[in-house]
Amino acid sequence: MTIRLAPRLKVGDTIGFFSPSSPATVFAPNRFARAKTYLEQQGFSLKAGLLTGKEDNYRSGSIQQRAEELNQLIRDPAVRCIISTIGGSNSNSILPYIDYAALKNDPKIIIGYSDVTALLLGIYAQTGLVTYYGPALVASFGELPPLVDQTFASFKDLLCDVPALPYAYTMPRYWTDVRVDWENQVEEKPVSANHWEFRGEGKISGRLIGGNLNTMAGIWGSPYMPEIEQGDILLIEDSLKGIETVERSFAHLKLCGVFDKVAAVILGKHEGFDHRETYRSPYDVLLEVLNGQQVPIVNGFDSCHTHPMLTTPIGAHVTIDFEKREVLLDKPWIEG
C-alpha cells in the first residue's frame, strides 16, 4: 500500500463538517453553535455539509444523501480538513459510495471518532491516506473550557504545528466521562486525576491501527477493514457498553487471531462503562481474555469518548517506550 499524507492545516483554511450518521446539528443546536464559534475563533473557516440541520429519524439522511454530503466536501479543493459532527451507528453504510479516487488526487485531513471509525479505516484501506482518530465537531469542540482547549491543543499539535520527531504524547492531568444535558450545559464538567498504565518492557514500534471496537465489527472481513498485520499496534476503545459486551468484543479479537499478530494494544478509556456490579474494568476483562498471553498494553489512553481527547493518526508509525512510560509518533503523519 502506498501511504498518503494530507497537507498540514493552516490558520485561515476551510474545515468542512458532515454528519455520516446521527443528526447532531438537529438534536444539539446550542452545542453545535458553540462548536462552530470555537473553531472560527481559532482562525478557521467552516463549510457546512448539505445535511446540516436535517434529520431522518435516527440518522441525518439516506445512505446516498450521506455519501453525497461527504463526497461534496472531498471534491471541494478549498476544503482542507473534513470533520464529522458526531458518530452514531451507520457510517459504514456509505463506504461503497465514497469517491476514493478524488481523495487520492487531493488528500485532505479526515477526522472523527466513534462510529466514524468505519470511515477512517475504510478510507485508509482504500487509499492509503493516513486518517485521524480525534475530535468531532459537536461532541468535542462543543465542550466547555478548559477541556475543549486541551482537546484543541492536541488537534493543533498533530494537524497544524510542526513538532520535532519523535513526538511524545502528554498525558492530560485530568479527564472526565461525566454526561450532562448538552443543550443546558453552562459550567465545566467535574474531572478526575488521570493515569496511564504501562504493562510491558522496552520499546515496541509498529503501525497504529484501530479505533472504536464496536464499530470495527461492522466492517470486519470487508475490503474496508485494513488487514491486521504482524507487528501492528492496536488502538481500541468503546463507550457506554456493559461488561458482557466488552468481553464478547475482546474475545472476538482473540478468536480472529488478532492478539497473535499485534505487537501491543493501546486501550482507551471506556466512557460510562457498566461493570454490572462486578467492579471489574475493561482492562481486567482484556487480561482475562488474553489468559496469560503476553501482549504489552497501554491502559487508559485518552484517544476515546472521554474529555479531553488526543488526536491519533491511523496508519502512522508509533513507538511505545514502556520504561519511560511514553507513547510516541516517530515518523511523519502529515505532510509539510
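How many disulfides does the structure hold? The structure holds zero disulfides, a disulfide being a pair of cysteine sulfur atoms within 2.5 Å. The sulfur of Cys160 lies 8.2 Å from the closest cysteine sulfur, that of Cys81, which is too far for a bond. Cys160 is buried, with a relative accessible area of 17%, whereas Cys256 is partly exposed at 38%. Buried means under 20% relative accessible area, exposed over 50%, and partly exposed in between (1.4 Å probe, protein chains only).

This is a predicted model, in which local features need pLDDT of at least 70 and side-chain atom pairs count only at pLDDT 80 or more, while totals for chains, interfaces and linings use all residues. Residues are numbered from 1 along each chain as its sequence is written, and side-chain values use heavy atoms, with hydrogens and water left out.

An open sheet of six strands runs in the order β2-β1-β3-β4-β5-β14, with mixed pairing. At its edges stand β2 (45–48) and β14 (312–314), each of which pairs on one side only. From one strand to the next, the twist averages 30°. Strands (E, at least two residues) and helices (H or I, at least four) are DSSP runs numbered from the N terminus, and two strands pair if DSSP finds at least two bridges between them.

Within the sheet, β3 (residues 79–84) and β4 (residues 109–112) pair in the parallel sense over three bridges. Ile82 stands opposite Ile110 in β4.

Helix α3 (residues 63–75) lies across β1 (14–18), β2 and β3, running at about 170° to β1. Helix α7 (residues 147–159) lies across β1, β4, β5 (131–133) and β14, at about 155° to β4. Contact here means heavy atoms within 4.5 Å; axes are lines fitted to C-alpha atoms, for helices over the stretch in contact, and angles run from 0 to 180 degrees between N-to-C directions.
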